[in-house]
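Please keep the sequence and the model in view while reading.

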Amino acid sequence: MKRLLCLPILLTGLLFHAFAQKNIIVQADKPIAPISPTMWGVFFEDINFAADGGLYAEMVKNRSFEFPAPLMGWRELKQKGTGRIQIINEVERAPNNRYVRLISSQGIYGLSNEGFRGMGIHSGKKYNISFVARSLNQAPVNIHFEFINHNGKTIGETSIPVNSKEWKEYKTAIQSTDTAQRGKMQVWIENAGGVDMDMISVFPHDTWKNRPNGLRADLVQMLADMKPGFVRFPGGCIVEGKELANRYQWKKTIGDPDKRELIMNRWNVEFRHKLTPDYYQSFGLGFYEYFLLAEDLGAEPLPILNCGMACQYNSAELVSMKDLDPYIQDALDLIEFANGDANTKWGKLRTELGHPAPFNLKILGVGNEQWDEQYIERYKEFEKVLIEKYPEVKLVSGSGPSPDGKWFDYAWAQLKTSKAAYVDEHYYKEPQWFLNNATRYDNYERKGPKIFAGEYAAHTKENPDAESRNNWESALAEAAFMTGLERNADIVHMASYAPLFAHVDAWQWRPDLIWFDNLRIVGTPNYYVQKLFASNKGTKLIPLTMNGTSLIGKDSIYGSAVIDEQKKQIIIKLVNLSHQRQTVNLNFGKSNVKGNIANVKVLLAGKREDYNTLDSPEKVTPFEYQTAVKSNKLSPELQASSLTVITVPCKKF
Ligand code: AHR
């Protein structure tokens, strides 16, 4: 009897749940807070071959023979030829001391370069070659360059005479006749003779904006498509170095690329299971190029500087407090380099490099992922000097490697009353953490520094494909979490997924936002989430409520909404975490949107385990459709496990 009584109650409950109206109120007339223009940005670090071998378009590995093993990346080329190769170290050429001496007595004798896990060569494209050389003979020495594919077939070639006994720069180009995924370049002397060569370099002609010493255009385009609010550079742990000697020093990364001192990339030896012995930093992509990139993207440049501390996971080396001044001076000089006019020392250098206009640096980070007293002690010294001299530049301080725990609590306790404009928080956690933390900032302290969610990514299980950890499960959890960041836009002013780029054949860390090889590139589901948020950022946060409360997981729905006052739009982001479709009723209240055509962008996947690969790049990509708003209401069906971004034109909020 008891059972019989319970059944109707249960059924009514289930039916009520299934048919309960999901009435969502959109209050565009009640803006809560401005959305920071910097809200969604990108975090760039030279990890996973992101710079050398990636964004930096140089195709020759170890072009200046400065790797500790001077011929790493190069091989003797001997095709019925004889000769010899010497590596010469000449102190007065410092910091690029070494060069190669090539002597050929007959036949084809020279060098071949393997590129960064091969050279990506596109059919019909032009590739610019440059090198410095001097002839060891009276008569000119003809240098032959050619691209070969993985079968050894020539797919483009050229020759150029080296006609001077003095060091001189030479330039030529190859038009390729075929595509090669893992091509190589061969260099040899056509006639018997000898030559000294250095900085043997090949760039695609079509770099981003056709700049010499430029960037891979397809990779930059992916960033441009995101419309990021800021570009954080150059990292990441790379800022810290394993030891202080190996830290990132911006002054050594500007000016003539030939004079930028190469150092080991710390990710070379970071993970024993992922050693990358050929990973070095040429700094061809240096601070000037980073500033240009941010400018090109219309994003705020956000450099992070070393604060006198090497990575605490490695040597944890600290510069003594009495020796901290040069580090602080580097920060002062960087601000002058970015913003000073041509009458200042560093502003003059920027002008000479080709950029008389300032870069308008507004935000600067001190230290990457440091923790404990030693960090706060050093940060406060920077703060004292920087705020005094440049009060207009906002400082980013850090809260360590975890989003909670004793170091995190200690940092926040110290920084709450500091003059830091932002505190950088990092979270690399499982998807469930992101769902649990969708409310993380709802009850955060509103006074004091704002939040910079500077590095985050949902980490799922390992899988053989490089790109597999970037599955839809992780991206969906991030999307739900990001509605929480947006809902707290009054205190969350910046956020960036990390890391940004990874080469499928040379990665150390995953997941990553964008994967590439030498020819191709693929956006992960996480990339499309970032792009949907960043390109629909809006200008003001507005209330979005269901039964009077924010959308933070009830009925598996997460959501947030903004208005864009320039574009005159209401933008609603909804994440349906349920495995079922759900219809919601959006009520626009006092804002008259009746009859307007809404644009609906949907991102979903067949399965939560789905991910994009270079071979199958469009498995998880957004699609869109238009629908008319009837009677000031819209009832979109939220697909199972989906992110939906709805844009409704609205003349007056
Ligand atoms: O994003 C990869 C690494 O994670 C960064 O270099 C570091 O800041 C963090 O530990």
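In this predicted model, the ligand is surrounded by Phe-43, Glu-45, Gly-236, Cys-237, Trp-267, Asn-368, Glu-369, Tyr-428, Glu-455, Pro-499 and Trp-509. By residue class, this shell divides into 6 nonpolar, 2 polar and 3 charged residues.

**Ligand contacts**

- The side chain of Tyr-428 places an N or O atom 2.7 Å from an oxygen atom of the ligand, and the side chain of Asn-368 has an N or O atom 2.9 Å from a ligand oxygen atom.
- Cys-237 takes part through its backbone, with an N or O atom that lies 2.8 Å from an oxygen atom of the ligand.
- Taken alone, the ligand would expose 280 Å², and the protein buries 96% of that area.

**Helix α4**

- Helix α4 covers residues 325-339, 15 residues in total, and spans 21 Å from its first C-alpha to its last, which is close to the 21 Å expected at 1.5 Å a residue.
- This helix is mostly covered, since 11 of its 15 residues are buried; among them are the charged residues Asp-330, Asp-333 and Glu-336, together with Tyr-327, Ile-328, Leu-332, Leu-334 and Phe-337.
- The cover over the buried residues of α4 includes the helices α3 (287-297), α5 (345-352) and α6 (372-389), as well as the strands β16 (300-305) and β17 (363-366).

**Cis peptide bonds**

- Most residues other than glycine have a negative phi, and most peptide bonds are trans.
- The bond from Gly-235 to Gly-236 is cis, with omega near 15°; Gly-236, which belongs to the shell around the ligand, is found in the loop between β13 (230-233) and β14 (263-264).
- A cis bond also links Ala-94 to Pro-95, with omega near 5°, and Pro-95 has its place in the loop between β4 (74-89) and β5 (98-113).

- Is Met-199 buried or exposed? With a relative accessible area of 12%, Met-199 counts as buried, because that value is under 20%.

Technical notes: Residues numbered from 1 in each chain as written. Predicted model: local features only at pLDDT ≥ 70, side-chain atom pairs only at ≥ 80, totals over all residues. Heavy atoms only, no water. Helix = DSSP H or I, 4+ residues; strand = E, 2+ residues; numbered from the N terminus. Expected span 1.5 Å × (residues − 1). Buried < 20%, exposed > 50% of the residue type's maximum accessible area, 1.4 Å probe, protein only. Contact = heavy atoms within 4.5 Å. Near = heavy atom within 4 Å. Polar contact = N/O pair within 3.5 Å; in protein donor to acceptor, adjacent residues only side chain to side chain. Areas by Shrake-Rupley, 256 points an atom, 1.4 Å probe, with all protein chains shown as cover.
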